[in-house]
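Visitor: Hi! Could we go through the charged side chains in this one together?
Guide: Happy to, let's bring it up.

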Amino acid sequence: MATNGKHVKGMANERYEELKRMLGDRRREIMSEVHEKIRDVRTESGHGKMSEVFDQGESSEADIQEDIEFALIQMKAETLTRINEAISRLEEGAYGYCFECGEDIAPQRLRALPFAVRCKDCEQARENAIQRERLQSQRSSSLFFDISG
Ligand SMILES: [Zn+2]
């Protein structure tokens, strides 16, 4: 990775504060969602145990619901980990810079995509390249079908 000195200085400080606030907000949001979900699952599994005694069918339905809830919690927990990583990268002055060209990634873009590693231009260029590749492979596979058919 290219190192062009410390980023946090003067104007960059304002950006740092903005990104820090943005990541902190996101973290709080997800944490409260996780806590809410955990509370829900606890309440529901309480009901699950109750109905297990009376009705087997109902309890297995509750189990499926529980699995889904746990998967959701797990997903959110992973997002939380990534946000924590982003916050420590931010503190090191390594967050919010394009992986390709090293330019600042626009704060609006980071608000929508906190884990973006490329600026809009580089992302667009990459998407175009992927699309070209896909078109090329489509063309070669249809060529393949022409030969075989
Ligand atoms: Zn870039």
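Visitor: Is Glu 100 buried, partly exposed or exposed?
Guide: In this predicted model, Glu 100 is partly exposed, at a relative accessible area of 49%.

Visitor: Which residue does Glu 100 form a salt bridge with?
Guide: Arg 118, and the closest N and O atoms are 3.0 Å apart. The two sit in distant parts of the chain, 18 residues apart: Glu 100 is in the loop between α2 (56-91) and α3 (107-112), while Arg 118 is in the loop between α3 and α4 (120-148).

Visitor: And Arg 118, buried or exposed?
Guide: Arg 118 is buried, because its relative accessible area of 13% falls under the 20% cut-off.

Visitor: Switching topic: how many salt bridges are there?
Guide: The count comes to eight.

Visitor: What does Arg 109 pair with?
Guide: Glu 123, with 3.6 Å between the closest N and O atoms. That pair also links distant parts of the chain, since Arg 109 belongs to helix α3 and Glu 123 to helix α4, 14 residues apart. Both Arg 109 and Glu 123 are buried, with Glu 123 at a relative accessible area of 17%.

Visitor: Which other residue meets Glu 123 in a salt bridge?
Guide: Arg 126 does, at 3.8 Å from N to O. Arg 126 and Glu 123 are three residues apart in helix α4, so about one helical turn separates them. Arg 126 is partly exposed, with a relative accessible area of 36%.

Visitor: What do Arg 109, Glu 123 and Arg 126 make up, then?
Guide: A network, with salt bridges linking the three residues.

Conventions: Residues numbered from 1 in each chain as written. Predicted model: local features only at pLDDT ≥ 70, side-chain atom pairs only at ≥ 80, totals over all residues. Heavy atoms only, no water. Salt bridge = Lys/Arg side-chain N within 4 Å of Asp/Glu carboxyl O. Helix = DSSP H or I, 4+ residues; strand = E, 2+ residues; numbered from the N terminus. Buried < 20%, exposed > 50% of the residue type's maximum accessible area, 1.4 Å probe, protein only.
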